[in-house]
Amino acid sequence: MQATKIQWTLDEKDLQQVMVSGPNLNETSIVSGGYGGPAGGIIPSSSIKGHAICFNPQYLDRRRPTAPNSTPIPGAELGPTELRMKSRGQAVGMASSQSAASRIANQNQTSQPFPESGMLHSNSNQNMSADEANRGVAVEKLDSVKKWGINTYKCTKQMFSERFGRGSRTVDLELEAQIEVLRDTKRKYESVLRLTSALTSHFYNMVQTQQALGDAFADLSQKSPELRDEFGYNAETQKLLCKNGEALLGAINFFVSSINTLVNKTMEDTLMTIKLYEAARLEFDAYRADLEELSLGPRDAATMVRIEVAQQHYQVQRDKYERLRSDVTIKLKFLEENKVKVMHKQLLLFHNAISAYFAGNQQQLEQTLRQFNVRLKPPGSDKPSWLEES
């Protein structure tokens, strides 16, 4: 392995010339040698002419920064010091320009909001608002449960006090008597409803039996020539009874439907209002007893605050109790008027229809049905269709 050494014999002037225009190969000598080789193998380089590096002064003039008050001279050469300063200035300028560009880019990034960050911020706000709404609903439910527990405790305490004879209750004698009459009337009307429903069921079976018997007599009158007239008379009689029975059955069904509406809708609605009234009465007595108990105690600051709160609750329950008592009074009055009017019409219908049927007066029975606007169902309407049977 051999190494090649290049020796430069340059003075300061040659160094400046080399820095400006590059080394002059005319003044250099190339020494070649290696391990074990001749010591002085010198190759003259006088045959190489010209500079190895060509210098272009116009290129430096284009790259040189122009002073504010100076005018660049075309074709002027730069010295080594100026060249070093220019290279340093270019490096500093490039660094400063890079730092400025990075600062501008950072400012642009901070000044321009990212849509992803905005979406995350809006999602966080929505989650916070949803959490606050859920928290508010939970607090409201907790407050309602707390109020319900306090109210239930007070009402239960008042109810046991009344049953064991330790507490007093508010009683409206006239209203209580009307309520008791209504309950007794409802029980009796329910009994009438059960009996008329049973009568309807039995009478329907009898009408169906009469119809089947009439069909059997008609068939026998066709197959028995010697008894044709007798079977024919009985068949016509059963068919007439069946027709009148269907008319009476329509009148009884109309009576049962009206009684059912009166008992299970009108009276039941009034009784529901009465139940609300009784619950309001119990709450009113409970808060009244609470207020009386606080009024008998010491009158310190805390007790006065509790008395004021109890007074507010007492007033609210009193207004509710009086309002429901007024509603019950009005409904009882209207119920009595409606009951008299409805039962007068239905009892008259029931009486006339039963009398006309068992008297055999078909015209009077039909007239009774027309008078009370009773519409009979067409024959066979109660039977299921062939689609339902299949």
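**Exercise 1. Describe one of the seven aromatic pairs in the structure.**

Let's begin with the rings. Rings of Phe, Tyr and Trp (its six-membered ring) pair if their centres lie within 6.5 Å. In this predicted model, local features need pLDDT of at least 70 and side-chain atom pairs count only at pLDDT 80 or more, while totals for chains, interfaces and linings use all residues. Residues are numbered from 1 along each chain as its sequence is written, and side-chain values use heavy atoms, leaving out hydrogens and water.

- Step 1: The ring centres of Phe217 and Phe231 are 6.0 Å apart and the planes stand at 40°, so this pair is tilted. Planes under 30 degrees apart count as stacked, over 60 as edge-to-face and the rest as tilted.
- Step 2: Phe217 lies in helix 5 and Phe231 in helix 6, 14 residues apart, and the pair links distant parts of the chain. Helices here are DSSP runs (H or I, at least four residues), and strands are runs of E with at least two, numbered from the N terminus.

**Exercise 2. Work out how helix 6 packs with helix 7.**

- Step 1: The axes of helix 6 and helix 7 (residues 301-359) come within 7 Å and cross at roughly 165°. Axes are lines fitted to C-alpha atoms, for helices over the stretch in contact, and angles run from 0 to 180 degrees between N-to-C directions.
- Step 2: Helix 6 and helix 7 are therefore roughly antiparallel. Angles under 35 degrees count as roughly parallel, over 145 as roughly antiparallel, 65 to 115 as roughly perpendicular and the rest as oblique.

**Exercise 3. Now do this for helix 6 and helix 8.**

- Step 1: Helix 6 (residues 228-295) and helix 8 (residues 362-371) pack at about 25°, with axes 10 Å apart.
- Step 2: These two helices are therefore roughly parallel.
- Step 3: Leu240, Lys243, Asn244, Ala247, Leu248 and Ala251 of helix 6 meet Gln362, Leu365, Glu366 and Leu369 of helix 8; contact means heavy atoms within 4.5 Å.
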